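Hello,

Here is the structure I promised to pass on. Please open it first, then read my notes beside it.

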Amino acid sequence: MNPQPTTDNRDLTTDTEILVKAEGLSKKFCKDLKTSLWYGVKDLASGVTGNKKDRELRPKEFWAVKDINFELRRGECLGLIGHNGAGKSTLLKILNGLINPDAGKVTIKGRVGALIELGAGFNPILSGRENIYNNGAVLGFSKKEIDAKVEEIIDFAEIREFIDMPVRNYSSGMKVRLGFAVAAQMEPDVLIIDEVLAVGDLGFILKCFKTIDKILPKTAIVFVSHNMPMVSRICNQIILMESGVSKFQGTDVAEAIDKYYTRFVNNDSNVVFDDGSISLIKVELSSARSFESGIPQLEWGDNLEFAFHWKLYKPIDVPQFSVLIFDKEQRPVAILDWTNKAVNIKNDNDKISFKLLHKNIQLSKGVYSISILVSRGATRSPYLRMNNVMSFQILHDEEIWPPFLLQTIYSEG
Amino acid sequence: MELKTKVYQKENNLHIGRLLKESLSDMISSRFLARQLAVRDIKAQYRQSYLGIIWAFITPLTTAFVWIFLNSSGTVRLSDTGVPYPVYAFSGTLLWSIITEAINSPMASTSGAKSILSKINFPKEALLVSGVYKLLFNSSIKIALLVVFVFFYGIGFHWSLLLFPLAILGAILLGTTIGLFLTPIGMLYKDIGKMISFGLKFVMYATPVVYAIPKEGIMKTIMEWNPLTPVILTTRDLAVGMEPQFLTYYLIVLACCIPLFFIALIFYRISIPVLVERMSA
């Protein structure tokens, strides 16, 4: 997507201008409702006297956001990631001016658009068309602007057929589409996006991204999401938040995402199905080069070799072992070929041990986990099924998002 | 084009003048939003109802009917009001309902917009203006009804009737000012809203709504001091073409209301972030 040279001189003169500047932003919240309300009364009173005093934590309060600093220019996108309750949405509310920080300040230049809730101001009784005007008005459009854009909005939302139906009869997806269609008409200098794109079907999400791609060159975006592929796709700066503080900040988006995922590394394997005939005694990555906090590591292109040790409780034939590889988002990325009936599998009375080798692993950098299905040969009916049996990490210099980095040879054509 | 710069920080700039200017300019720039919100609420309210607008004045009408019945059946003995009693009672209850609605309006509008307030930054003053629009809409119907009564009971046209809507605006200003002061704290504690509706029931009996000020006694003093008294009396006197006796007090009340209204507006503006923070964790 090439940004077209624009005649709007605003874009030319302010190219490198900082649009958002946050300095030491902090916000505290109260854990108890009654106390919170009473503090609210006190804050009302201190608001009237100017709020000059430093704010300390009062009893039952905690810092929901603590000392966040960043600068954002036009065309840049800042990703905010972190687990639930890390303070991301609170930070967004401060940036959007909905609540005031308890310390620090934020300076924002230009028109701010916020995709925090789509379809704000919708009234369920009224028709889609009427609600376009309501939502548009809340987002700061004038009547003339909406009049000019209403047809475009209806087409974008793809709900022309139902536009005069009360919104309460809309499906949730239709409401979100209509809400986004209105919001997409904003031409903000700063755009704040909070997880709204998670809803909706694939077609809608693709459409959203097309829109965001289109406005990104002219806008400074702050993007909150739990969807790491999305974050890595559009962000060029990142803050990883944890309990209100910034754990990692910088332009190395992939590293932040890695750090984010390691918080969720879950070493508990779980047995999904077990008919009592076989159990796993031990599995190890016998080709591991090194270990980092218990996770075996391989270089990209190494051999991937597992050693399995099983115990049998019933006399069964040598079963089939299917090993599935999952990435950190729990997407299955590969299955190891099981059809090569291993001649080497020893059925030593009640024990089975074997090694499983995949040469030249080309998975991209990251942490992966494996799941195993043990099943009867011909019928494939399961004996045992275990998820998250073990994790391993692939090391490589290149940060890429697709699960595979495939080896290539360039030659003269 | 110079980009508008916004700074959000803990400290408020306590320049009353600047805050007020911002507040008023936001109010003007958000005219369309205010209108849209008012139209939305009015439409939605009546689209799902057959009796529609009747609900706006059914309470004052029934209250008036009760008092008319009490009076005509001799259950209570009321002093002479100077105009046919039904007109007195109807005008009283209709005006009273306008004032109570005005007092409740800022809080109701703000509270009704909770879900947007915590997600989108828009000029909050639009909520107040939309409340006033709704109020004017309901009031205009009540006024029309009252004018019908005035003619029906043979009081006829007086030139002062033309001033009557202006006096109503005064009543709305007074109610909105009171409501605006109570809104921030009322948004935090539900008690405030309950107290208002509870308290207003009593205040009504200390205001010449359905009976005139007694000639003597403690009630005379209370009613004469009650700042709502001149508002009700002056407005009614204008409607029925009598000499407004409390005109001076009415003008004093209004003169006090205007600066108080601006102060309440600033207070409201400062309070909103605190309220948003407390109502949406």
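A word on domains first: their bounds come from an automatic or database domain assignment. For chain A this assignment gives domain 1 (6–262) and domain 2 (271–395). The C-alpha centres of domain 1 and domain 2 of chain A lie 43 Å apart.

Some ground rules. This is a predicted model, in which local features need pLDDT of at least 70, side-chain atom pairs count only at pLDDT 80 or more, and totals for chains, interfaces and linings use all residues. Residues are numbered from 1 along each chain as its sequence is written, while chains are lettered from A and ligands numbered from 1 in the order in which they are written.

**Chain A overall**

Chain A has 9 helices and 20 strands. Helices (H or I, at least four residues) and strands (E, at least two) are DSSP runs, numbered from the N terminus. The C-alpha atoms of chain A fill a box of roughly 80 × 55 × 55 Å, taken along the principal axes. Chain A has 413 residues, and 38% of them count as buried. Buried means 20 or more other C-beta atoms within 10 Å of the residue's own; exposed means 12 or fewer, and partly exposed lies in between, with C-beta atoms placed from the backbone.

Is Asp54(A) buried or exposed? Asp54(A) is exposed, because 8 other C-beta atoms lie within 10 Å. Look for Asp54(A) in the loop between α2 (33–48) and β2 (61–73) of chain A. Asp54(A) and Ile153(A) are 99 residues apart in sequence and 47 Å apart in space, C-alpha to C-alpha.

**A sheet in chain A**

Strands of a sheet pair through backbone hydrogen bonds, either parallel or antiparallel. Here, two strands pair if DSSP finds at least two bridges between them. Chain A holds an open sheet of 6 strands, in the order β5-β6-β7-β3-β8-β9, with mixed pairing. Its edge strands are β5 (112–115) and β9 (245–250) of chain A, each pairing on one side only.

Now find β3 (residues 77–81) and β8 (residues 237–242) of chain A. They pair in the parallel sense over 4 bridges. Ile81(A) stands opposite Leu240(A) in β8(A). Helix α9 (residues 253–262) of chain A packs on the sheet and touches β3, β8 and β9 of chain A. Contact means that two residues have C-beta atoms, placed from the backbone, within 7 Å.

**Where the chains meet**

How many residues of chain B are in contact with chain A? There are 39, in contact with 48 residues of chain A. Elements giving two or more residues to this side of chain B are β1 (5–9), α2 (31–47), α7 (164–188) and α11 (247–279) of chain B. α11(B) gives the most, with 8 residues.

Strands also pair across the two chains. Strand β4 (residues 103–109) of chain A and β1(B) pair in the antiparallel sense over 5 bridges. Ile108(A) stands opposite Lys6(B) in β1(B).

**A helix in chain B**

Helix α3 (residues 54–72) of chain B has 19 residues. Its buried residues are Ala56(B), Phe57(B), Pro60(B), Thr63(B), Ala64(B) and Trp67(B). An α-helix has 3.6 residues a turn, so residues three or four places apart point the same way. The buried residues of α3(B) pack against α4 (85–112) and α6 (125–152) of chain B. After α3(B) comes Gly74(B), with a positive phi near 80°.

Best wishes

Notes: Axes fitted to C-alpha atoms, helices over the stretch in contact; angles between N-to-C directions. Expected span 1.5 Å × (residues − 1).
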